[in-house]
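The structure is shown first, and the discussion follows.

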Amino acid sequence: MAENLIEVKNLKKYFDMEAGTVKAIDDITFTIKENEVFGLVGESGSGKSTTGKVLMGIHPPTEGEISFREHDISISSSGRAKAIKRDMNMVFQDPGGSLNPTKTVLDIVGLPLRIHDMVDGKKEMAKEVYQLLNTVDLDPERFMYRRPNDLGQGEKQAVAIARAIATDPSFVVLDEPTSALDVSIQAKIMNILIDLQDEYNMSYLFITHDLGLMRNIADRVAIMYLGRFFEVADSHVFFETPLHPYTKVLLGSFPTTTKEEEKLKPDLKARGEIPSAMDLPSGCRFHTRCPFKEEKCLETEPELVEVQEDHFVACHLVNGVDDVEYDVEEVEQEEKEFEYDIEGIEMKT
Amino acid sequence: MAEGLLEIKDLDVGYKTYRGVTSVLYNLNLKVNRNETIGVIGESGCGKTTTMKTINQILPDNAVIKSGEVNFKGKDILNMTEKELVKLRRRNVSMIPQDPTASLNPLFKVKTQMKDVLKYSRQNSEDLDFKEETIKLFNSVALSDPERVYDSYPFQLSGGMRQRVCIAMSLAAPKDLLIADEPTTNLDVTIQDQVLRLIGEILEEMNFSAILVSQALGLVKKFVDKIYVVYGGTVIEIADTEKIFENPIHPYTKGLIESTPKLTGGGFSSGIAGQTPDYIDPPSGCRFHPRCPHHSEDCKTEKPKMREFEKNHYVACWRQ
């Protein structure tokens, strides 16, 4: 059994706004093991980025505990020990916005090394940066003295990754690191990330909305909706035998390219949109979009329970794999009633 | 032989920049028949949007159309007068925009904007009951609570609802051609799926001709008859939708399909090396050659011609 690197207990993060309180994270509990890629997937507004930021200490948590190798880090980054800060890092979504445009690649990647006193003098720093750029597949001779404006999107993200691994951390938060990139460049960056994780024995918290990406990198996946986890399972279980209706809806919406993938897709269509985190629905927060909802879903919030070994689901209707209590035919009937009324307009061609 | 509706011939378009005039579109050829839906696929900066804007003549001021023809129903759009263009946009070609937030006016209520669209695009619009027509259109795009939407400002609606309003606008009057320029890039996957399904149903129901533009091959797959793959401002492969996935020929198309992460797992391909070309000084010959793993001397000197590889499958590559 691998040891736990990060333990999160009953974490909550609320933001007080003029119009009310936004419950960005509403009671989540999870662990990330050593050498594990833990995936967090969800739509925008589900709280997945906030989770990453709270772990990094960018926002202090409202309630709950976070521990890193048994040290309590439930505080914002400024209060954390320097040694712990060195051990955790983050790669942001927008590679352009997270690099200082006035600095050279050498300065950008070298900064964490200087802050943590890991190098002695400029010469040594340049030597370290040279090696770091090599590990992310950037030719140091060509890139070391360039500035972010002279780099392509993929190259910028590679620089951001080099910076994140500069201090040899054991944990990196990757917040949609490839969503600003084209697919052909995305593949290259993902390969770099996978190789690095392997080589340096790091753990990742990988945040994305793209299930295809998730399938290919994560060991374990959690799906998040309005600040809560709905399903947590090993990657292959999550994709092959999903149980929560929301997981199925999300998988069913994924645009596929091959026939094999088509077979994996549950035949469940999405409807409606994510409600506001300021005004959460009663009971199960997914009930407004759930095709299977029952009386009890409107009243009580389901807890995350272990339905199988290492497979957690928060749904009143799922009590075990053989005991999925919903009736597909009935749902299809409902779907029909929901169909678009196109005959409403007369068209002349 | 199917009847042609839109035919773009050897179109060259560039933009004036402080570094000089770019050459974005480069001998681009494209054809849409009546009742045919085509997909235009390519990565950012390949000229997809420029092409669509040329069709509707809504290019920005610094654009330069260097040569080529855009024939719509046998008439060259590039030679049309402003009056004819206005008629074209109102009556013949409608566009679903990429960013619904930017294309709805934030200062006017949805009802005012819908009224304008109906007033100018429908014939005999004086006798119309605008509210009734608008609600009818809103129902057809499955907008929940159409009455509320009717009386709202755009900022009071969610992204998915705004896009549905834009789709309703594009359906306001009978059109010959519907252009959907990445209609779902700013939406979440679940909303994206709903919007695309809606567009798909509309296409099926109405016998439109349509062009669906997208970055991702998987997205348009279900809705289009034919796929055009665009790279560096020129079409590099044309095939029926199934064919493209079963048997991609051009190295770029292959790379694109392989790079798309699959739900079935299996890791990542190595992607495609390099970056999209710089349009001030684009690569000579085949514009893909600097990134192509198979390029030879021929590729550097001359642009490959579109050749029929098998029936209804065309490729522009020297290696085939």
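Predicted model: local features only at pLDDT ≥ 70, side-chain atom pairs only at ≥ 80, totals over all residues.

Which side chain of opposite charge is nearest to A:E261? It is that of B:K262, 5.4 Å away; because a salt bridge requires a side-chain nitrogen of Lys or Arg within 4 Å of a carboxyl oxygen of Asp or Glu, A:E261 has no salt bridge, although the residue is buried. Leaving aside neighbours within four places in sequence, A:E261 is in contact with A:F254 and A:T256 in chain A, and with B:P261, B:K262, B:L263 and B:T264 in chain B.

## The interface of chains A and B

The two chains bury about 4,600 Å² between them, with 58% of this area on carbon and sulfur atoms, and the contacts involve 53 residues of chain A and 56 residues of chain B. Counting pairs in which both residues are at pLDDT 80 or more, 18 residue pairs are in polar contact between chain A and chain B.

One salt bridge is found across this interface: B:K221 pairs with A:E262, and their closest N and O atoms are 3.9 Å apart. On the side of chain A that touches chain B, at least two residues are supplied by each of α7 (183-200), α8 (211-217), α10 (245-252) and α11, and the largest share, nine residues, comes from α7(A).

## Helix α7 of chain B

Helix α7 of chain B runs over residues 159-170, and its twelve residues should span 16 Å at 1.5 Å a residue; the C-alpha atoms at its ends are 17 Å apart, which agrees with that expectation.

This helix is mostly covered, since eleven of its twelve residues are buried. Among the buried residues are B:G160, B:M161, B:R162, B:Q163 and B:R164, as well as B:V165, B:C166 and B:I167.

## An exposed alanine in chain A

A:A83 lies in helix α2 of chain A, which covers residues 82-87. With a relative accessible area of 55%, A:A83 is exposed, because the cut-off for an exposed residue is over 50%. A:A83 and A:H116 are 33 residues apart in sequence, while their C-alpha atoms are 8.4 Å apart in space.

Definitions and conventions
Residues numbered from 1 in each chain as written. Chains lettered and ligands numbered in written order. Heavy atoms only, no water. Helix = DSSP H or I, 4+ residues; strand = E, 2+ residues; numbered from the N terminus. Expected span 1.5 Å × (residues − 1). Buried < 20%, exposed > 50% of the residue type's maximum accessible area, 1.4 Å probe, protein only. Lys, Arg positive; Asp, Glu negative; His and termini not counted. Contact = heavy atoms within 4.5 Å. Buried area = accessible area lost by both parts, 1.4 Å probe. Polar contact = N/O pair within 3.5 Å; in protein donor to acceptor, adjacent residues only side chain to side chain.
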